[in-house]
Amino acid sequence: MKQSPAGRIRVAICVPARNEADALPRLFAALDRLDRYGLDPVICLLLDSCDDRSAAVAHDYAARASLPIRIDYATQAEPNAGRARHGAMLLGERALDGRGLLLTTDADSLPAVDWLQAMVAALGQVDVVAGKVVRTVTWPNPAQDRLEQYYESLYAMRRVLDPVVWEAAAAHHQTSGANLGISVHHYRILGGFPPIPAGEDAQLVDDASRAGLRVRRDAASVVYTSDRRTGRVVHGFAGGLRVLDRDGDAVMVAHPEDAAWQYRGHALARRVYDDGDVSPLADAIGLTCDHLVGVLRDSPNAEAFAMRVVPVPPGGMRRVTLAVAEAGLATLSAGRFAA
């Protein structure tokens, strides 16, 4: 990775913002507090179709900031999180002259003091880091609490059934643009965040795994985010909270038995890749050996093969209520995830 003349690691903190005049001062204050020892960070702020005072707030901060900041502008007729975040990352690439580390967070989020250090340390071991996002609770939502706990437990099961050596000792389940890190090199390989209205973060991480990159979900990297109900994009986190406010009992998730089937398939695919004999996997997931051999030949490593080749279960990925999923996961856990 590119370093400054003094040997400090170069990092771009890439933030898309759309009408965030009220949130930006808190973000800037949090960034000023970051532990920057050995690092050379720059803030890269993309003001996306703002018609409030966001630009004035940003330029006021730039005049007195303890961190260098680059500000750019974009105009979109409709909110598009993927385009906005990609624009912020491109600004980061330019600030780093094409080499270094790209971190991204949101304008309504507050990185912990050790966020930079945790992300840079993790990116020294893997290719992509998804940090933990802690929801600031100003409006309690028991359904969201249950949902988060369910996914935490599901991810813990995943790493028992399909362990990988690069996972963090303290892991978590989240994939959020409020806390992601990747090198410029790997970001370019993936082609950047896709231009979709929401879910660009999950798509990029899925693309990374399918490309064979090592993705680490590291709970040592923490960003605190708003639990506001009025967001900037349709179907974003704020919208999800509104849905849970209205009817938390109606939330639907993947059946844990189907998820467990997939995780076991991933683990077997990794072993098959190393052994070269695809017949056990063909029997387990119902695909032909010729098909599996073709995918294996096109996969650069075991991670890519596992993520590309294991389909949904034979009966499809069932969607069930959270209550049904919680009960199913409890049953699997009692049998220690037995098939």
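Buried denotes under 20% relative accessible area, exposed over 50%, and partly exposed the range in between, computed with a 1.4 Å probe on protein chains only. The views below show a predicted model, in which local features need pLDDT of at least 70 and side-chain atom pairs count only at pLDDT 80 or more, while totals for chains, interfaces and linings use all residues. Residues are numbered from 1 along each chain as its sequence is written, and side-chain values use heavy atoms, with hydrogens and water left out.

View A. Cys50 counts as partly exposed because its relative accessibility is 28%.

**View B. Cys44 and Cys14.** With 0% relative accessibility, Cys44 counts as buried. Its closest cysteine sulfur is in Cys14, at 5.0 Å, which is too far for a bond. The structure holds 0 disulfides (pairs of cysteine sulfur atoms within 2.5 Å).

**View C. Packing of helices H5 and H9.** H5 (residues 142–161) and H9 (residues 256–275) pack at an angle of about 30°, their axes 9 Å apart. H5 is therefore roughly parallel to H9 (angles under 35 degrees). Helices are DSSP runs of H or I with at least four residues, numbered from the N terminus; axes are lines fitted to C-alpha atoms over the stretch in contact, and angles run from 0 to 180 degrees between N-to-C directions.

**View D. Residues joining H5 and H9.** Tyr150, Leu154, Met157, Arg158 and Leu161 of H5 meet residues of H9 including Pro256, Tyr263 and His266 (contact: heavy atoms within 4.5 Å).

Notes
Helix = DSSP H or I, 4+ residues; strand = E, 2+ residues; numbered from the N terminus. Parallel < 35°, antiparallel > 145°, perpendicular 65-115°, else oblique.
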